[in-house]
Amino acid sequence: MAKPPSNRKKATSTASNNLKASASSVEDIFDPENPASATITVSAAEVEELSEAEERDRLHLERRVERAFFEAGKALAELRDRRLYRSTHKTFEQYCKDRFGYTRIAASYKIAAATVMDNLLTNGLQKEEIATDELQTPKMLTNGLQILPNNERQVRPLVSLEPEVQREAWQKAVEEAGGKVPSGRIVKNVVQRIMERTRVPNTYQIREVCQILAKDNPELRGKGGCWGIVNHVGEFSCTVKTWDGEYAVGLQHLKSYNYLPVECQQMQVICDRISRVYSSGLEESVQKFLEMLGKLNRAYLTALEEKLLKVLESEIRD
């Protein structure tokens, strides 16, 4: 009995023809010599439109992502200012390292970036309160004059500028980005040009003793009036060592005491002694005493101050 004719070959042939047809269609819109000319057509049925509620949710979530660095900086500032780390850590620096993996510099940059953002908001953007779950979060809207930064790298270069110059630099960066959010590189280039325009020669020297002027610089909050010893001289700033650490300070926030070399040496010894006691993590009242010594405007300790410091030094040796 003859076997019925098989349809397999025909089906295969049909599928092959369909593939050829598809390939032919692709060849019509894809030029191997110019891959960039390829066109992908997506039918309307494959694109799912968002509902009005979903569109609102998307915009709100995008704002939260953009605000992440800002909220982190604000939270760190509050943790620091209220000393909410004191139940587990002696210093804010150690707390940030253990809890978040941040160095002191990284935490300081986040706090400073949030302060810059506040400056831009206060003077260039409007705020509108909206409900988000159990919190009230400011929704930031451009007022037609500025575009909102959306990451820390865009804001970080502005930290070294005065508040009014920060706004000028940001607006210039937005213009150079064609009215869009500028990259961190664009902002950095703008800031460098501004600093070159207002450049002041750095005349400070290593081991020179200076007073820190914290006005209009949130990075130096709590350090106003403290003395520090210059241990690095940069183009626009110096790194100074104080009783509780090292800080990068712009030239406009330093004032030399004009001490003699021998007085500078005395202050170096005093600074090292205070730092050792401070790092030992003694009581808060002790830290207040050390802070007072860190704001002396003379190159020596009184007899009583010397006696008290020696008592504290004996405590950390026992």
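Tyr 85, Phe 92, Tyr 95, Phe 100 and Tyr 102 form one aromatic cluster. The model is predicted: local features need pLDDT of at least 70, side-chain atom pairs count only at pLDDT 80 or more, and totals for chains, interfaces and linings use all residues. Residues are numbered from 1 along each chain as its sequence is written, and side-chain values use heavy atoms, with hydrogens and water left out.

Rings of Phe, Tyr and Trp (its six-membered ring) pair if their centres lie within 6.5 Å; planes under 30 degrees apart count as stacked, over 60 as edge-to-face and the rest as tilted. This rule gives 7 aromatic pairs. One of them joins Tyr 85 and Phe 92, with centres 5.7 Å apart and planes at 50 degrees, so the pair is tilted. Both Tyr 85 and Phe 92 are buried (under 20% relative accessible area, with exposed over 50% and partly exposed in between; 1.4 Å probe, protein chains only).

Trp 243 and Tyr 278 make an edge-to-face pair, 5.1 Å centre to centre and with 80 degrees between the planes. This pair links distant parts of the chain, 35 residues apart. Trp 243 lies in the loop between strand S5 (237–242) and strand S6 (245–250), while Tyr 278 belongs to helix H9 (residues 261–279). Helices (H or I, at least four residues) and strands (E, at least two) are DSSP runs, numbered from the N terminus. Trp 243 is buried at 7% relative accessible area. Tyr 278 also counts as buried, at 17%.

Charges also meet rings. A charge sits over a ring if NZ of Lys or CZ of Arg is within 6 Å of the ring centre and within 35 degrees of the ring normal. The charged end of Arg 156 sits over Tyr 109, 4.4 Å from the ring centre. That of Arg 298 sits over the ring of Tyr 300, 5.2 Å from its centre.
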